[in-house]
Amino acid sequence: MCQSLSFIDIPIKGHEAVARQLDALAGYIATPVTARRGLLARLHYLTRSTHARAAARAAGLTVTDRTLRAWTAGTRTPSRRNLAAIEQAYRTVRRENVARYLLARLNREGRGTRVEIHPLNQSAVDRPRQRAVEFRTMNVRRWDRIVAAWAAGDDQELDDAWVDQVVDLGSQWGQYEYVTNVGFAA
């Protein structure tokens, strides 16, 4: 027996949808940090070189080398707080490492990348208040501010950079401030 599930799309700000898509393109480790395999993969990523260790410390992972060796060997397990710190440091370092590659792929030597903007589903809105908001596509040629804000984790700058791009939609750009999805590939 097949059931059809119906749900209302949850609106999010456009820059949050862009950040989600950039996170998906960054290719994070799929195994959760709470699993031994995921923990070891993140620790390896954060400690494989002196540059990686320095970036991890700058990102907030401030534990001793002895503790890191104990976690890697499995003689000790990190607390929940330390697991969260490992995950946060991993995501921060991964974003910094992938940003340059993503920027080159998205800018495509000035040609840019086609972006699909999926507007809010208006079916739950009362009939006289519904707006005709259609699916839109646009070509974003300047990704520098967007990727830099994403890599830095600066939510306000990412919002400003995204709004600067969406304004190119003309007088309707405000209708796309909240969306269900923003899609693009690199």
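Biologist: This is a predicted model, so start with a charge over a ring: over which ring does the charged end of Arg 91 sit, and how far from its centre?

Modeller: A charge counts as sitting over a ring if CZ of Arg is within 6 Å of the ring centre and within 35 degrees of the ring normal. The charged end of Arg 91 meets that over the ring of Tyr 28, and the distance from the centre is 4.1 Å.

Biologist: Is Tyr 28 buried or exposed?

Modeller: The cut-off for buried is under 20% relative accessible area. Tyr 28 has 15%, so Tyr 28 is buried.

Biologist: How are the rings of Tyr 28 and Tyr 90 arranged?

Modeller: The structure holds three aromatic pairs. In the one made by Tyr 28 and Tyr 90, the ring centres are 6.0 Å apart and the planes stand at 65 degrees. Planes over 60 degrees apart fall in one class, so this pair is edge-to-face.

Biologist: And how many residues apart are Tyr 28 and Tyr 90?

Modeller: Tyr 28 sits in the loop between α1 and α2, while Tyr 90 belongs to helix α5. The pair links distant parts of the chain, and the separation is 62 residues.

Biologist: Which residues do ring pairs link into a cluster?

Modeller: Two of them have come up already: Tyr 28 and Tyr 90 form a ring pair. Tyr 90 is buried, with a relative accessible area of 2%. Ring pairs bring in one further tyrosine, and the cluster is Tyr 28, Tyr 90 and Tyr 45.

Biologist: Which ring has the charged end of Arg 42 over it?

Modeller: Arg 42 is in helix α2 (residues 36-47) and counts as buried at 2% relative accessibility. Leaving aside neighbours within four places in sequence, its contacts include Ile 29, Thr 31, Ile 86, Glu 87 and Tyr 90. The charged end lies 5.3 Å from the centre of one ring, that of Tyr 90.

Biologist: What about Trp 143 and Phe 184: what kind of pair are they?

Modeller: Trp 143 lies in the loop between β3 and α6, and Phe 184 in the segment after β4, so the pair ties together parts that are 41 residues apart in sequence. Both Trp 143 and Phe 184 are buried. Their ring centres are 4.9 Å apart with planes at 50 degrees, so the pair is tilted.

Biologist: On to helix α1: what span does it reach from its first C-alpha to its last?

Modeller: α1 covers residues 14-26, which makes 13 residues. At 1.5 Å a residue, 18 Å is expected. The model comes close to that, with a span of 18 Å.

Biologist: Which elements do the buried residues of α1 pack against?

Modeller: The buried residues of α1 include His 15, Val 18, Leu 22 and Asp 23. Arg 20 is also in α1, but at 55% relative accessibility Arg 20 counts as exposed. The buried ones pack against β1, α5, α6, α7 and β4.

Biologist: Which residue follows α1, with a positive phi?

Modeller: Helix α1 runs over residues 14-26. The residue after the helix has a phi near 70 degrees, and that residue is Gly 27.

Biologist: Now the sheet: which strands stand at the edges?

Modeller: Four strands form an open antiparallel sheet in the order β1-β4-β2-β3. An edge strand here has a single partner strand, so one of its sides is left without a neighbour in the sheet; that describes β1 and β3.

Biologist: What is the bridge partner of Ile 12 in β4?

Modeller: β1 and β4 pair in the antiparallel sense over two bridges. β4 is also joined to β2 by four bridges, with Pro 119 bridging to Val 179. For Ile 12, the partner in β4 is Val 179.

Methods:
Residues are numbered from 1 along each chain as its sequence is written. This is a predicted model: local features need pLDDT of at least 70, side-chain atom pairs count only at pLDDT 80 or more; totals for chains, interfaces and linings use all residues. Side-chain values use heavy atoms; hydrogens and water are left out. The expected span of a helix is 1.5 Å times one less than its number of residues. Buried means under 20% relative accessible area, exposed over 50%, partly exposed in between (1.4 Å probe, protein chains only). Contact means heavy atoms within 4.5 Å. Rings of Phe, Tyr and Trp (its six-membered ring) pair if their centres lie within 6.5 Å; planes under 30 degrees apart count as stacked, over 60 as edge-to-face and the rest as tilted. Two strands pair if DSSP finds at least two bridges between them.
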